[in-house]
Amino acid sequence: MTTNITDYPMRSLSRCWLVGGLVGCLLAMAALGDAAAKTVCRLKAVEMPVTMKGKTAIVTVRINETDVPLVLDTGAFYSSLTVTAAAQLGLRTEALPHNMEVLGLGGKAAARMTRVEHLHFLKHDLPNIEFLVVANEFSGGEMGLLGRNLLAFTDAEYDLAHGAVRLMFPEGDCDEMDFAYWAGDTPVSELELDRDTRGAHFPAITGTVLINGRKARALFDTGATSVLSLGFAYRAGMRREDMTPTTMMSGIDATALPTWHGPVAEVQIGGETVRNSRLRVADFYLNNVEMLVGIEFFLSHRIYVSQGERRMFFTYSGGSVFTSNAVATDATTSAVGSNDKLEGTAPRQ
């Protein structure tokens, strides 16, 4: 079975809109051809440019004729604007629905909601789109987050090393397909992703990884750098006396958390193993997530997330897999260089 990739013509997306944060119409892919005639899996793509600012991935959308830079954040279930951005754009805000709350690494975050009259996204105008409005601000001038309500309603390919995210639309017989169409003879790793039994419309990229042989639930999060929870670090055999204090970190709730760097013998993600790492550790709790696999993993890999199969396919592109491996013991240094040893799966037959 072969896989082709073509440009997606946007025939359905132009008729779609988002209502109440949910996709108002889910791209009727079955209408894009005669299903009975489909025998080859074809991937149709819509590309979204990404600019890296240090370790922050930035995408630009247009809100009511104003270009708005947003942080690409697969860890955010919903797209958001800062309070300052909402004011600059002249947007009115309102209270969240009573059953809705926003959680960060340190706990609940204060948030409101606004409605954008026109969102220009992927070359199309989407009317009446809701955004969260959150009090956190960004030092680099970013005006909010692009979250999973605009990223996870279909498959996605994260090719950040080449400055792109591609929303992907599989057609044809794609059952049990290896979606790493770019790989050739490059080893491909796979990770089974969690299935959300609550029926989430925009599921998180979560799955089980192994830290020193112990299972950890990991969230793959472009809006963060990689970090282990302190409680899990202890369970995985890490000792406080072996950890070095480093800079504080915070999430969308803006709560500052102390962090450490500590040695980890082995991290296994799907078929890929990283040995002799140093990982960041913080005392956080986030919906049973024990590890954030952050932006440096996305920069060092090319990744395809299949929503239908709930699997992630990825190839190693080069560079340090975890930021802490490129940080010396002194937290003030910015020295670059990887100390980790990465082993991948065997090339595909």
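Why is strand β15 (residues 155-159) largely enclosed by the rest of the structure?

## Overall composition

The model is predicted. Three helices and 27 strands form the secondary structure of the protein. Of the 349 residues, 50% are buried.

Contacts between residues at least 6 apart in sequence were also sorted by separation: 66% of them join residues at least 24 apart. The protein has an accessible surface of about 15800 Å², and carbon and sulfur atoms account for 50% of that surface.

## Strand β15

Strand β15 covers residues 155-159, and five of the five are buried, so the strand is largely enclosed by the rest of the structure. Buried here means under 20% relative accessible area.

In a regular strand, side chains alternate between the two faces of the sheet. In β15, D155, E157 and D159 point one way, while A156 and Y158 point the other way. Both sets are buried, the acidic residues D155, E157 and D159 included.

## Pairing with β16

β15 runs antiparallel to strand β16 (residues 164-171), and five bridges join the two. One of the residues involved is E157, whose bridge partner in β16 is R166.

The hairpin of β15 and β16 has four residues between the strands. In this hairpin, G163 adopts a positive phi near 70°.

## Pairing with β25

β15 also pairs with strand β25 (residues 301-306), in the antiparallel sense and over three bridges. Y158 is itself buried and points the same way from β15 as A156.

Methods
Residues are numbered from 1 along each chain as its sequence is written. This is a predicted model: local features need pLDDT of at least 70, side-chain atom pairs count only at pLDDT 80 or more; totals for chains, interfaces and linings use all residues. Side-chain values use heavy atoms; hydrogens and water are left out. Buried means under 20% relative accessible area, exposed over 50%, partly exposed in between (1.4 Å probe, protein chains only). Contact means heavy atoms within 4.5 Å. Accessible areas come from the Shrake-Rupley method with a 1.4 Å probe; for residues, only the protein chains shown count as cover. Two strands pair if DSSP finds at least two bridges between them.
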